Amino acid sequence: LDRGAVLGGFRMAYSGDNLPLDRRVTVWRDQSAVRDILDDLLRGYAVTPVVVTGDQVVLTPRVAEARDSTPRPATVLDRVVVTGSVGGAPERSLPIALDVVPGRDIERRSQNALAAVFDGSVPGVWMWEQAPSTMLARYGSIRGASSFGVSFPKVYVDGIEVANPLLLTQITPELVERVEVIRGPQGAALYGSDAISGVVNIVSRHDAGSLDGARAMLRSEGGYIAGFRSSAVAVQQHTLSLRRGSNLRSLGASVGAASTGAYIPEAYSRELRAAGDARIVGSMSTLTASARVYGKNAGVPASPLLSALSRFHSDSLPQSLRMYSVGSTMVVVPGEIWTYTMTGGVDGYALANVTTELGPIPFFVDSALRDARGSAIRGTMRASAVARFATEERLATLTFAAEHSTLRDRSPREQGAMSPAPGPGDPNRYVVEWSSNMGFTTQLNLAFRNTAFLTAGVRQERVGQQLGISQHATLPMLGGALVQDFGGVTAKARVAYGKGIRAPNASQRVAAGQLKRRVHNSLLEPEEQSGIEGGVDLLFGSRFGLHVTRFDQLAFGLIQTVTKVDSSGGLMGPPRYWYQLQNVGEISNRGWEMQGSAALGGLTVTGALSTVDSRVRRLANRYTGDLRTTDRML
């Protein structure tokens, strides 16, 4: 539709709620009237083109007539999503448990934190709410134990992998089209290393403004909090969003600010953020671009429960976080069969003055934040070619993709077993490390009569890390789905298998422990997780939905920080403690995930329920930690 508008020299506005956008239509004409072309494209759908101005056409709903023959009802299974396939695919055909949270739902619920977006919408992902003075996102679990540090999915923003997924906590609802979530390792065949527990892809809006070509929204919130102080403190948040253009050429921008007063002594926060996006649609290509910057300062408080102890006090300098990202995607469709996509961009951050190591209790969340201290920048490049071969009853899609990402990480140097800890003025206090992932993906999708779907893919991955063993891995994915429409009810049964890996360096960044005197482990292997999931989806028109998933996954070689006691000081001297990263063994993650939704007029109700049993199944031969077989992880 957009490319037809380019060739016809007019602007077009439409809604995916009235027009399922996964239908592929090819029209061959040397020359023809615009209305005749639109009639061919829109045949069978209850919409009609209305000319609003001289060059503005709006596709509006019309009353269905007896001769209307819509191929199938416009349910949520018709959404075209990016996360489930390299080149994008209708949700109807996907064999995996994929959750899509629309941006309009996030905006209506007035939510800008990922924890609030996931809560009640995405089963199996357990994420804690974030304190204002905390820089770090905290995932309690994603389908059980996938890390002994902090669990986290692999996170993309418009196809650009973020440098540290734990630092991406805030989103701007007005600029988000949707948030797509894959739970479990099934997404690793598409997204490679670090997708061991799941993938989150945040897709920016690239649509037009309102029908008059422009849109502005100002959102302001304010209030007071009574905390551990004699008087209440102010909390405020403001966002200004602007959109302009048409579906052919659009621009969007947002600026925002937020602050929280010292609800406990020295626990305050100040943040600024800005984001922008653009899209240009041509007759055979689409170019999108996005950029964002984010800055936050927060106080470093002492716990009010420990304020009587003179050893623990607030830090006079605030924590400082700066993040930035810029990326672009070009989609070229030169003919009826091939689609080429190229994505490139960078994401980075700088984090300073994180002083949590004086706490009395070692806590892995504090350690994760401390390990992220410093700066990092990640560059991502991806290219794919998708071929579609269609007949009246069958559709075959063959995808070839290549992806390469490089991470430059500058972080505090740890104390080694043979060297002292670096001091504050030591020029070698920080160390720069390079790591990379490179993968080649081949995927085949088959569809029979828009009812039976088969997906098979494999990714050859090479992980280059300075810690542990560089790894070549084969990441397979296999799945199938059967979808049937019964009047106003759509039923879907699905099953999928997948395997994912995570390099030792990624796990070490969020490992537990204090400023470690680390003993090197040259035999450290990457973490792995593989397993199967199956489920049923029931949709009753656009009013009710029920989704049930059973998963059975096995995690291999999860990395734990193991304490090693050095008693060489003799009987009179105190023992010294050293730390070593070790592979644990096998851990089984099994459970159920259920999700329901109901829309009754202007009222929408959603709910999610997940159960998980995560236990040690077998210990590695060289493991010397305190876990034992059958121990429960959660």
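**Exercise 1. How do the residues of the lining of the largest cavity divide into nonpolar, polar and charged?**

Before we start: this is a predicted model, where local features need pLDDT of at least 70, side-chain atom pairs count only at pLDDT 80 or more, and totals for chains, interfaces and linings use all residues. Residues are numbered from 1 along each chain as its sequence is written, and side-chain values use heavy atoms, with hydrogens and water left out.

*Step 1.* Find the space. There are five cavities of 30 Å³ or more, and the largest holds about 370 Å³.

*Step 2.* Look at the lining. It has 26 residues, and Val157, Ile171, Thr172, Ala275 and Arg292 are the closest to the centre.

*Step 3.* Sort them. Ala, Val, Leu, Ile, Met, Phe, Trp, Tyr, Cys and Pro count as nonpolar, Asp, Glu, Lys and Arg as charged, and the others, Gly among them, as polar. You end up with 15 nonpolar, seven polar and four charged residues.

**Exercise 2. Find the partner of aspartate 347 in a salt bridge, and say where the two sit.**

*Step 1.* Use the rule: a side-chain nitrogen of Lys or Arg within 4 Å of a carboxyl oxygen of Asp or Glu. That gives 23 salt bridges.

*Step 2.* Aspartate 347 meets arginine 292, at 2.7 Å from N to O. Aspartate 347 belongs to strand 19 (residues 338–352) and arginine 292 to strand 17 (residues 285–300), 55 residues apart. Strands here are DSSP runs of E with at least two residues, numbered from the N terminus.

*Step 3.* Both residues are buried (under 20% relative accessible area; exposed is over 50%, partly exposed in between, with a 1.4 Å probe and protein chains only).

**Exercise 3. Work out which parts the salt bridge of arginine 92 and aspartate 485 ties together.**

*Step 1.* The two side chains come to 3.1 Å, N to O.

*Step 2.* Arginine 92 is in the loop between strand 5 (89–90) and strand 6 (98–102), while aspartate 485 is in strand 25 (residues 471–486), so the pair ties together parts 393 residues apart in sequence.

Technical notes. Helices (H or I, at least four residues) and strands (E, at least two) are DSSP runs, numbered from the N terminus. On a 1 Å grid over the protein atoms alone, a cavity is a set of points where a 1.4 Å probe fits but cannot get out, and a pocket is an open set with protein on both sides within 12 Å along at least five of seven lines; lining residues have an atom within 4 Å of a point. Grid points are joined across faces, edges and corners, and a volume is the space filled by probe spheres set on the points.
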